Amino acid sequence: ACAESGLFGAKTPQQALTIMLIAQAEGRHPMSAAKDYNIINGKPAKTADAMLHDFLAAGGKVEWHKYEDDGADATFSHAQGGTVRVDWNKARMEKAKIANEAMYSKYPRAMYRARCISEGVRTVYPGATGGMYVPDELRAIAEEKNMGRAEEVQTDERPRITPEQKEAIHAAL
C-alpha cells in the first residue's frame, strides 16, 4: 500500500519496507519514513530537516549567520564533534554540480539551507545523518556516476583459464 501510494519515492513494496525499517531502526515510527526519508535511484536519502532534528536532539547547536535567497551560512557545533562554519551559495552549487533548477528557482533559500545542514551535521556529528545524503546530493551523485553506455568491444580471443585457476575457483566455491 505504501509503495502504491508513491510516498518516499518507493516504487516497490521492498523499497517501502526497507525505508520503513530504516526509520524504525533510528527509533522513529515506520510511517515517519514518509516525511523523513526518500528513495532516490533505489538508495535511501534522509531529508535535511530530519538530519537537523536528530542533530539538535543529540545536543548539537546551530547558529545561522545568513539565510537569504543568494545563500545560507551557519555554524554547527557539538560537544563530541567540534565546531564548523558552513556556507552555500550559487557558485558552490554549480561547482558541486548539484542542480535542481526548478527547486532552486522557486525556493533558493531553502535549498541552500539544506546543503548547509547536510554538510554541517555530517562534519561535526555524522551519526545524525544515518549515513545518508539529502535527496539532491544523492541525485547529483547518481548523475555523476552515470557515465553513459559502455562501448562493447568485440574480440576473437577468449580468456584462457589454466587448470590451476579452475581448481582454485572450484575450491573457493
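**Stop 1: Arg115**

Select Arg115, which sits in helix α7. The model is predicted. Is Arg115 buried or exposed? Its relative accessible area is 2%, and buried means under 20%, so Arg115 counts as buried. Now show what surrounds Arg115. Leaving out residues up to four places away in sequence, Arg115 touches Trp88, Met93, Ile98, Tyr104, Val134, Asp136 and Glu137. Keep Glu137 and Ile98 in view for the next stop.

**Stop 2: Glu137**

Move to Glu137, in helix α8, residues 135-145. Glu137 has a relative accessible area of 12%, so this residue is buried. Setting aside neighbours within four places in sequence, Glu137 is in contact with Ile98, Arg115, Ser118 and Arg122. Draw a C-alpha to C-alpha distance from Glu137 to Ile98. The two are 6.5 Å apart in space and 39 residues apart in sequence.

**Stop 3: the whole chain**

Zoom out and colour by secondary structure. The chain has 9 helices and 5 strands. Along the sequence they follow the pattern α-α-α-β-β-α-β-β-β-α-α-α-α-α. Next, colour by accessibility. Buried residues make up 33% of the 173 residues in the chain.

**Stop 4: the largest nonpolar core**

Select Phe55, Phe76, Trp88 and Ile117. Of the 21 residues in the largest nonpolar core, these four touch the most other members. Then highlight α4 (48-57), β4 (71-78), β5 (82-89) and α7 (108-124), the elements that give two or more residues to this core. Which element gives the most to this core? It is α7, with 7 residues.

Centre on Phe55. Beyond its neighbours within four places in sequence, Phe55 is in contact with Gly60, Lys61, Val62, Phe76, Ser77, His78, Val121, Val124, Tyr125 and Ala128.

**Stop 5: helix α4**

Now bring back what covers them. Step past the end of the helix. Gly59 follows α4, and its phi is positive, near 95 degrees.

**Stop 6: Asp73**

Go to Asp73, in strand β4. What is the relative accessibility of Asp73? The value is 14%, so Asp73 counts as buried. Which side chain does the side chain of Asp73 meet in a polar contact? The partner is the side chain of Arg85, at 2.8 Å. With neighbours within four places in sequence left aside, Asp73 is in contact with Glu63, Trp64, His65, Lys66, Arg85, Val86, Asp87 and Cys116.

**Stop 7: the largest pocket**

Rolling a probe the size of a water molecule over the atoms shows where empty space is left. The largest pocket holds about 320 Å³ of space. Select Thr47, Ala48, Met111, Ala114 and Pro135: of the 16 residues that line this pocket, they are the closest to its centre. The elements that give two or more residues to the lining are α4, α7 and α8. Here α7 gives the most, with 5 residues. Colour the lining by class. In the largest pocket there are 8 nonpolar, 3 polar and 5 charged residues.

**Stop 8: the second largest pocket**

Finish at the second largest pocket, with about 210 Å³ of space. Which of its 12 lining residues are closest to its centre? Select Lys90, Glu94, Glu101, Tyr104 and Tyr112. Then show α5 (90-96), α6 (101-106) and α7, each of which supplies at least two residues of this lining. By class, the lining of the second largest pocket divides into 6 nonpolar, 1 polar and 5 charged residues.

Key. Residues are numbered from 1 along each chain as its sequence is written. This is a predicted model: local features need pLDDT of at least 70, side-chain atom pairs count only at pLDDT 80 or more; totals for chains, interfaces and linings use all residues. Side-chain values use heavy atoms; hydrogens and water are left out. A nonpolar core is a set of buried Ala, Val, Leu, Ile, Met, Phe, Trp, Tyr and Cys residues joined through side-chain atoms within 4.5 Å. Buried means under 20% relative accessible area, exposed over 50%, partly exposed in between (1.4 Å probe, protein chains only). Helices (H or I, at least four residues) and strands (E, at least two) are DSSP runs, numbered from the N terminus. Contact means heavy atoms within 4.5 Å. A polar contact is a pair of N or O atoms within 3.5 Å; within protein, one must be able to donate a hydrogen and the other to accept it, and residues adjacent in sequence count only if both atoms are side-chain atoms. On a 1 Å grid over the protein atoms alone, a cavity is a set of points where a 1.4 Å probe fits but cannot get out, and a pocket is an open set with protein on both sides within 12 Å along at least five of seven lines; lining residues have an atom within 4 Å of a point. Grid points are joined across faces, edges and corners, and a volume is the space filled by probe spheres set on the points. Ala, Val, Leu, Ile, Met, Phe, Trp, Tyr, Cys and Pro count as nonpolar, Asp, Glu, Lys and Arg as charged, and the others, Gly among them, as polar.
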